[in-house]
Amino acid sequence: MDGRTSSKPEAPRTATNRDMETEFAFFGEVWTFFKKYYFPRPDESYWRDLVEESAQINEKYHCDLCRDLLIAVTKELQRRAEKKGGEA
């Protein structure tokens, strides 16, 4: 042995829901939003409602991560609509 102490790097601390109250809230809202619009419809009201609700969630949180999640979900729904032959 050479006298040096061997120390393991400290494990990262896992955040709790309380530590991440805002993130916990908007992840839940974005998840509910995704489930609500999961089956795209080829009518204008579907997309109008989706855009309006997405904007409301985004305005509520004013957060880049929330906005990025909403964009990702919307893109996925557009892909699903295009795959199924709907309008996106």
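A residue is termed buried when its relative accessible area is under 20%, exposed when it is over 50%, and partly exposed in between, with a 1.4 Å probe and protein chains only. By this criterion proline 40 is buried, at a relative accessible area of 4%. The structure is a predicted model, in which local features need pLDDT of at least 70 and side-chain atom pairs count only at pLDDT 80 or more, while totals for chains, interfaces and linings use all residues. Residues are numbered from 1 along each chain as its sequence is written, and side-chain values use heavy atoms, with hydrogens and water left out.

The protein chain contains 3 helices and 0 strands, in the order α-α-α from the N terminus. Helices (H or I, at least four residues) and strands (E, at least two) are DSSP runs numbered from the N terminus. Of the 88 residues, 23% are buried. The accessible surface (Shrake-Rupley method, 1.4 Å probe) is about 7,200 Å², and carbon and sulfur atoms contribute 53% of it. Among contacts (heavy atoms within 4.5 Å) with a separation of 6 or more, 65% join residues 24 or more positions apart.

Proline 40 lies in the loop between helix H1 (21–36) and helix H2 (44–61). Leaving aside residues up to four places away in sequence, proline 40 touches Tyr46, Trp47, Leu77, Arg80, Ala81 and Lys84. The C-alpha atoms of proline 40 and leucine 77 are 6.5 Å apart, although 37 residues separate the two along the chain.

Threonine 74 belongs to helix H3 (residues 64–84). Threonine 74 counts as buried because its relative accessibility is 17%. With residues up to four places away in sequence excluded, threonine 74 touches Phe33 and Leu50.
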